[in-house]
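Colleague: I have the sequence and the fold open on my screen. Could you walk me through a few spots?

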Amino acid sequence: MASRARRKQQRWCTQPLTPLMEGPDPEMQDESNKKESSWELIREWFRLQKGLGFHGGGSSSSFSLSLYSNNIPAKTQDLRLLLGVLGCPLAPIPLPLPLATDPLRRGFHIKDIPIETSSARYIIQQYLAATGCLKQEKEMKNMYAAGTTKMICCETEISTGKSVKSLGTRSGENGCFVLWQMSPGMWSLELVVGCNKVVAGSNGKIVWRHTPWLGTNAAKGPHRPLRRIIQGLDPKSTASLFAKAQCLGEKRIGEDDCFVLKVAADRAAVVERNEGPAEVIRHVLYGYFSQKSGLLVYLEDSHLTRVQSPGNDTVYWETTIGTRLRDYRDVDGIMIAHEGRTVATVFRFGEESMQHVRTRMEELWVIDDVVFNVPGLSIDCFIPPADIFDVDNSP
């Protein structure tokens with residue numbers, strides 16, 4: 001009864017979303033106004049860590065000193081990296097065709113497809129049944145979700161080829177987020193951690209993100225869904241992403257025996273996401289579905305990028321994000337994961353050098369409230385900020 005009363009109180013949420021902060025964050029006014037790309041931010045953070053780990057290391061140390069001369073504390077750099085990696089990552093592949101032509105909804109002949117593909121489709125059908133999507137009577141047109149998060153920068157491992165040094169204090173920051181979703185493909189996320197606010201969204205055609213230190217940026221490549229949505233909040237979108245998956249076998253996750261499904265972004269879609277010297281090599285998504293409950297208990301994606309800057313050695317960046325889903329609860333007939341732990345690893349290595357840097361970070365998140373079919377939510381709530389078009393039209 002208390003849960004129903006709380007949902008009724010949420011009916012007032014037909015008011016407009018909080019306006020996007022178009023100007024500079026007051027907390028960041030003492031910093032440089034230089035616009036950096038996401039890769040420049042990550043490279044800057046790693047150089048800072050390497051400079052702190054091996055003093056007297058030449059260019060790395062001098063670069064880290066220049067960062068402090070710009071009044072950017074190391075803790076701020078850590079939080080920026082956390083929000084850049086874990087704040088609002090996108091799924092590896094776009095959602096397939098609408099459900100009317102979705103391969104999961106069409107009949108198929110087992111003889112026409114490999115056993116790995118037919119097994120994956122059977123597992124996804126079991127997942128849809130376990131989450132209540134197959135017996136769902138009322139269409140879910142939109143969704144509102146709110147929750148809390150704690151992001152932790154755990155440790156950085158730096159190897160010179162001869163020695164390995166670990167840095168890190170497991171310092172963390174608490175925060176909260178609000179997520180709105182509307183079919184087809186529209187969503188809006190507001191995430192506040194520490195003194196930083198990240199706003200991201202999609203109007204079904206453009207995916208964008210705004211941070212105080214990078215400004216507004218549009219995602220390159222095909223339109224892809226927000227990863228937070230597919231990690232237990234929207235079972236139908238999750239199932240659609242695995243429509244063309246292959247079953248790799250079985251694996252035990254904690255106390256659950258799971259089927260492992262794999263789906264990868266095709267080459268053409270990956271090439272569209274290249275940005276300057278950064279070339280995306282692959283992006284793969286793995287889903288671990290419990291053999292007992294049929295639910296998704298673990299989600300992992302692996303993203304490999306090669307960066308070749310003029311005059312510098314080739315550097316590879318591999319980002320792996322794994323999410324353990326827990327505490328499934330019934331919300332209007334749909335099983336929604338209300339708690340999870342996400343661990344991300346960013347691994348930097350060279351083509352020939354034995355040196356590498358590996359950073360591990362994690363997020364503990366809890367969903368406090370979920371409401372379907374919010375009255376008054378319209379497409380006007382998902383309009384991109386005006387400056388995103390200025391960026392796209394700039395020479």
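Colleague: Happy to start with the strands: how many bridges join β3 to strand β4?

Modeller: This is a predicted model, where local features need pLDDT of at least 70, side-chain atom pairs count only at pLDDT 80 or more, and totals for chains, interfaces and linings use all residues. Residues are numbered from 1 along each chain as its sequence is written, and side-chain values use heavy atoms, leaving out hydrogens and water. Strands are DSSP runs of E, at least two residues long, numbered from the N terminus, and two of them pair if DSSP finds at least two bridges between them. β3 and β4 (residues 186-193) run antiparallel, and the number of bridges joining them is eight.

Colleague: Thanks! Which residue in the hairpin of β3 and β4 takes a positive phi?

Modeller: That hairpin has three residues between the strands. The positive phi, near 75°, belongs to G185.

Colleague: And which residue in β3 is the bridge partner of Y144?

Modeller: Strand β1 (residues 142-159) pairs with β3 (residues 171-182) in the antiparallel sense over twelve bridges. In β3, the partner of Y144 is W180.

Colleague: Now N274: is it buried, partly exposed or exposed?

Modeller: N274 lies in the loop between α8 (267-271) and β10 (278-290). Buried means under 20% relative accessible area and exposed over 50%, with partly exposed in between (1.4 Å probe, protein chains only). N274 has 25% relative accessibility, so this residue counts as partly exposed.

Colleague: Lastly, how far does the backbone nitrogen of V280 lie from a polar atom of the side chain of N274?

Modeller: Leaving aside neighbours within four places in sequence, N274 is in contact (heavy atoms within 4.5 Å) with K220, E279 and V280. From the backbone nitrogen of V280 to that side-chain polar atom of N274, the distance is 2.9 Å.

How values were computed
Helices (H or I, at least four residues) and strands (E, at least two) are DSSP runs, numbered from the N terminus. A polar contact is a pair of N or O atoms within 3.5 Å; within protein, one must be able to donate a hydrogen and the other to accept it, and residues adjacent in sequence count only if both atoms are side-chain atoms.
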